[in-house]
Amino acid sequence: MSQHTKKQWFQSVRPRRSVEEQLALKASREAKLTFEPTIPLDAIRKKRPTVTVTFTVGGFGVHNESTFTFFEDGAVKREIIWREEFDLSTAIPRSGWYNETDAFRVHERFVSLVSHRWPEVFEEKGCFTMDGTQWNFTVNRHGKLLHQHSGSNAYPSNWKAVVELFGIS
């Protein structure tokens, strides 16, 4: 191996992907993720959760909650509770599991939010809205709080990605 650099050696061992394979891989990475779970809850055995992320959004007459639970074996479960009535006790729960490919993509999208770098509180600048949108974002690992964020009419710069990932607004 003294004649080859590590990169040359690795390239000689790894089979080269065809142009079609490279394009398919690129398209897969860029494809819009369907954020609907694909496996019913009762089809999955009990697993140990590692990270739980809860995102709640509320406003005038609306209070919705979406939770992702990431498990040690790579599985991901999403639970959504819709409360779109003035009676917040009326809740419409939906939940399910992602298949292996989508679970990996959900995890990638969550990590790309870089939420651990957000400020703890987002505050409205320059004006004060009396009625608007309040939200909370909480990340727990093994039941212990890692970080928590909230805002009232103020949002992280990647708000659209957060709302898209969690499936509520």
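The model is predicted. The protein chain holds four helices and seven strands, and 33% of its 169 residues are buried. Along the sequence, the elements follow the pattern α-α-β-β-β-β-α-β-β-β-α.

**Strand pairing**

- Strand β6, residues 134-141, pairs with strand β1, residues 49-59, in the antiparallel sense, and eight bridges join the two.
- Within this pairing, V57 has W135 of β6 as its bridge partner.
- Strand β6 also runs antiparallel to strand β7, residues 144-152, and eight bridges link them.
- Here V139 has H147 of β7 as its bridge partner.
- Two residues lie between β6 and β7, which together form a hairpin. In the turn of this hairpin, H142 has a positive phi of about 50 degrees.
- K144 belongs to strand β7. The relative accessibility of K144 is 63%, so K144 counts as exposed.
- K144 and V51 are 93 residues apart in sequence, while their C-alpha atoms are 9.2 Å apart in space.

**Salt bridges**

- How many salt bridges does the count give? The count comes to three.
- One of the salt bridges joins the side chains of K77 and E79, with an N to O distance of 3.7 Å. K77 counts as buried because its relative accessibility is 17%, under the cut-off of 20%. E79 has a relative accessibility of 31% and therefore counts as partly exposed.
- Another salt bridge brings together the side chains of R105 and D102, at 3.9 Å from N to O. Both residues lie in helix α3, residues 100-112, and they are three residues apart, about one turn of the helix. An α-helix has 3.6 residues a turn, so residues three or four places apart point the same way. R105 and D102 are both buried.
- A further salt bridge is formed by the side chains of E164 and R109, at 3.8 Å from N to O. E164 is in helix α4, residues 159-166, and R109 is in helix α3, so this pair ties together parts that are 55 residues apart in sequence.
- E164 counts as partly exposed because its relative accessibility is 31%. R109 likewise counts as partly exposed, because its relative accessibility is 24%.

**Helix α4 and its buried residues**

- Which residues of α4 are buried? They are W159, V162, V163, L165 and F166. Around the axis they cover an arc of only 165 degrees, so they lie on the same side of α4.
- Just after α4, G167 takes a positive phi of about 75 degrees.

**Strand β3 and residue V76**

- V76 is found in strand β3, residues 76-82. Its relative accessibility is 1%, so V76 counts as buried.
- V76 and N99 are 23 residues apart in sequence, and their C-alpha atoms are 8.1 Å apart in space.

**The second largest pocket**

- The space in the second largest pocket is about 190 Å³.
- Its lining consists of V51, F70, H107, F110, V111, V114, S115, H116, V139, R141, L146 and H147.
- Which element supplies the largest share of this lining? Helix α3 does, with three residues.
- Helix α3 and strands β6 and β7 each supply at least two residues of the lining.
- By type, the lining residues divide into seven nonpolar, four polar and one charged.

Conventions:
Residues numbered from 1 in each chain as written. Predicted model: local features only at pLDDT ≥ 70, side-chain atom pairs only at ≥ 80, totals over all residues. Heavy atoms only, no water. Pairing = 2+ DSSP bridges. Salt bridge = Lys/Arg side-chain N within 4 Å of Asp/Glu carboxyl O. Buried < 20%, exposed > 50% of the residue type's maximum accessible area, 1.4 Å probe, protein only. 1 Å grid on protein atoms, 1.4 Å probe; cavity = no way out; pocket = protein on both sides within 12 Å on 5 of 7 lines; lining within 4 Å. Points joined across faces, edges and corners; volume = space filled by probe spheres on them. Nonpolar A, V, L, I, M, F, W, Y, C, P; charged D, E, K, R; others polar. Arc of directions from axis to C-beta.
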